[in-house]
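Trainee: Could you walk me through this one? I would like to start with the charged side chains and then move on to a helix.

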Amino acid sequence: MTRNKADSVIVVEGEFDVIALWDYGFRANVVSGTKGAGTWDEAWLDALEPYAAFYVAYDNDEAGDKGADVLAVKLGRERCLRARLPRKDAGDCLAEGLPVSEVEA
């Protein structure tokens, strides 16, 4: 990852979502936690701190909403936007063949 403070980061729940977003063309500053929305290693905060903004694209379900809220508190709510994809997650969008325009929206 670059460490330009003006850059934003897309945070997803899992590695497969990173791969799906990569396939859609989002190739810079896409990261994931491990083991789902309920897991966040505090050591990762230091790596993310330099960035200006975060799109939290956790799954569109109760666990994803809760995890996104917890992460926004840790990163600073003023720097976070809850990104909701048209399906449960990026992997589902890709599996269903949704065009990139729908994912970007």
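Mentor: Let us begin with arginine 77, which is partly exposed at a relative accessible area of 48% (buried means under 20% relative accessible area, exposed over 50%, partly exposed in between, with a 1.4 Å probe and protein chains only). Please keep in mind that this is a predicted model, in which local features need pLDDT of at least 70, side-chain atom pairs count only at pLDDT 80 or more, and totals for chains, interfaces and linings use all residues. Residues are numbered from 1 along each chain as its sequence is written, and side-chain values use heavy atoms, with hydrogens and water left out.

Trainee: Which residue forms a salt bridge with arginine 77?

Mentor: That is aspartate 69, with the closest N and O atoms 2.7 Å apart; a salt bridge here is a side-chain nitrogen of Lys or Arg within 4 Å of a carboxyl oxygen of Asp or Glu. Aspartate 69 is itself partly exposed, at 37% relative accessibility.

Trainee: How many salt bridges does the structure hold?

Mentor: There are six. One of them joins aspartate 65 to arginine 84, at 2.9 Å from N to O. That pair links distant parts of the chain, 19 residues apart, with aspartate 65 in helix α3 (residues 62–75) and arginine 84 in the loop between β4 (80–82) and α4 (90–95); helices (H or I, at least four residues) and strands (E, at least two) are DSSP runs, numbered from the N terminus.

Trainee: And what does glutamate 96 meet?

Mentor: Its side chain meets that of arginine 87 in a salt bridge of 2.6 Å, N to O, and arginine 87 is partly exposed at 30% relative accessibility. Salt bridges with shared partners also join Asp65, Arg82 and Arg84 into one network.

Trainee: Switching to α3, which of its residues are buried?

Mentor: The buried ones are Gly64, Gly67, Ala68, Leu71, Ala72 and Leu75. Seen down the axis of α3, they fall within an arc of 140°, so they line one face of the helix; the arc is that of the directions from the helix axis to the C-beta atoms.

Trainee: Why would residues three or four places apart point the same way?

Mentor: Because an α-helix has 3.6 residues a turn.

Trainee: What covers the buried residues of α3?

Mentor: The cover includes β1 (8–12), α2 (44–48), β3 (53–56) and β4, where contact means heavy atoms within 4.5 Å. The face turned away from the buried side carries the exposed residues Glu62, Ala63, Lys66 and Val73.

Trainee: What follows α3?

Mentor: Glycine 76 does, and its phi is positive, near 105°.
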